[in-house]
Amino acid sequence: MAHVRSLFFKQGPLTEIENKAVQASKLGRPSEVIWNITNRCNLLCDHCYMAADANAKPEQLTDEETIDIIRQMGESKLPLLFMSGGEPMMRPNFWEMLTEARKQDIRVTISTNATLIDRETAKRLKSIGIGYIATSLYGPEEFHDALVGVPGTRKRVVEAIKILREEGVGVAIKTAVSKDTWPHVYDLIQEAKDLDAGLIYLCDLITSGRSEQGEDNRISAAQWRELADFILKDTLETIESGEKSLEYDIGAMPSFVPYIAEKLVELGYDLTDTLERLKIMTACPVGKGLMNINSEGGIMPCQFAQDWTIGNIRDTTFRQASDNLLELRHTPVTGKCGECEYLHICYGCRTKAWHAEGNPMGEDPTCMLDPEFQRSERLVRMAAPCCAPGACS
């Protein structure tokens with residue numbers, strides 16, 4: 001995950017939520033949790049990494065267990081919780097879970113397809129203290145509806161986005177970047193701006209669930225570089241003009257970070273603060289304070305690899321699960337990722353390595369840096385683990 005504007009252009013001290021994340025990591029606790037609270041969904045998206053459908057998993061956590069877990073999160077002073085699915089609003093005790101999380105002073109973002117959000121729901125989310133929801137758009141109406149398997153979905157999603165913004169709830173628009181959606185990506189960026197979304201999340205295709213064996217549907221590294229150049233240009237132009245800027249968040253493409261970093265070094269930017277932030281969360285967050293929990297309580301280093309678990313939350317303490325996840329960073333990375341000068345700011349996509357060869361510490365097969373990519377001595381020196389200011393502390 002890489003938030004372009006806040007990572008590369010935010011100067012000065014860390015925000016309150018960043019400080020909480022730092023403190024959580026220092027204490028061996030997760031800085032954020034992504035929780036697939038249910039496998040149920042009212043859509044049938046072709047690319048769903050969970051293959052979610054209308055059915056709950058037989059071993060799904062009970063309502064009582066979910067509330068107990070949230071209270072453990074509160075005791076651990078968890079800063080941030082992403083409630084996802086399936087469709088999280090289809091879980092019967094969704095509102096009870098949400099209320100308890102807010103009671104525990106946990107900031108919550110909801111990842112939802114937004115088809116169950118009307119005016120009353122938006123008001124309720126706002127009253128509970130939800131500042132942001134994330135929802136998906138993939139292209140024009142006919143294309144979008146075919147991709148998610150339910151006619152009329154796109155109109156409902158757009159209407160929900162407008163209602164949420166009118167009620168003061170922030171919106172992030174997500175899309176999976178693939179050969180299918182590539183023709184629509186730039187239009188979706190403009191639509192995100194038109195709909196007053198604060199952020200657009202562009203995630204490379206994850207080949208699991210219903211998209212298993214879909215490697216051939218990924219866009220090329222050259223197309224990712226084209227998109228990165230556009231994003232950097234758009235971000236720089238809005239900063240220079242003082243206009244309200246759309247934040248770009250890049251998923252499952254961690255090599256995006258060194259690519260943009262090198263471009264900015266070439267333009268003369270000082271990336272000292274960027275390197276400081278990358279000590280908190282590298283472009284691939286596996287083992288850096290992120291915990292993922294599936295609907296059955298499985299503890300996952302990444303939500304995109306539902307079959308890569310290191311235990312179950314039913315069988316361990318929240319603290320022990322955190323320690324086990326942090327321990328992953330002590331496992332050497334192999335292949336071209338392990339030999340790369342950018343390892344400590346990029347780390348490669350551990351989930352793609354897992355899907356490709358069953359070894360999460362293998363090499364990322366989708367690096368967007370071509371063999372001829374010029375690495376500046378200055379950035380390589382700054383990115384080294386014991387050269388960045390405070391890196392060895």
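Q: What do the side chains of E166 and R119 meet in?
A: A salt bridge, 2.7 Å from N to O. The term covers a side-chain nitrogen of Lys or Arg within 4 Å of a carboxyl oxygen of Asp or Glu. This is a predicted model, where local features need pLDDT of at least 70, side-chain atom pairs count only at pLDDT 80 or more, and totals for chains, interfaces and linings use all residues. Residues are numbered from 1 along each chain as its sequence is written, and side-chain values use heavy atoms, with hydrogens and water left out.

Q: How many salt bridges by this rule?
A: The count comes to 19.

Q: Which residues are in a network with them?
A: K123 and E167 are linked with R119 and E166 in a network of salt bridges.

Q: New topic. What does R154 pair with?
A: R154 forms a salt bridge with E191, with the closest N and O atoms 2.5 Å apart. R154 lies in helix α7 and E191 in helix α8 (residues 185-194), so the pair ties together parts 37 residues apart in sequence. Helices here are DSSP runs (H or I, at least four residues), as are strands (E, at least two), numbered from the N terminus.

Q: Is that pair buried or exposed?
A: Both R154 and E191 are buried.

Q: And what about K244 and D196?
A: Their side chains meet in a salt bridge, 2.6 Å from N to O. K244 is exposed at 63% relative accessible area; D196 is partly exposed at 30%.

Definitions and conventions: Buried means under 20% relative accessible area, exposed over 50%, partly exposed in between (1.4 Å probe, protein chains only).
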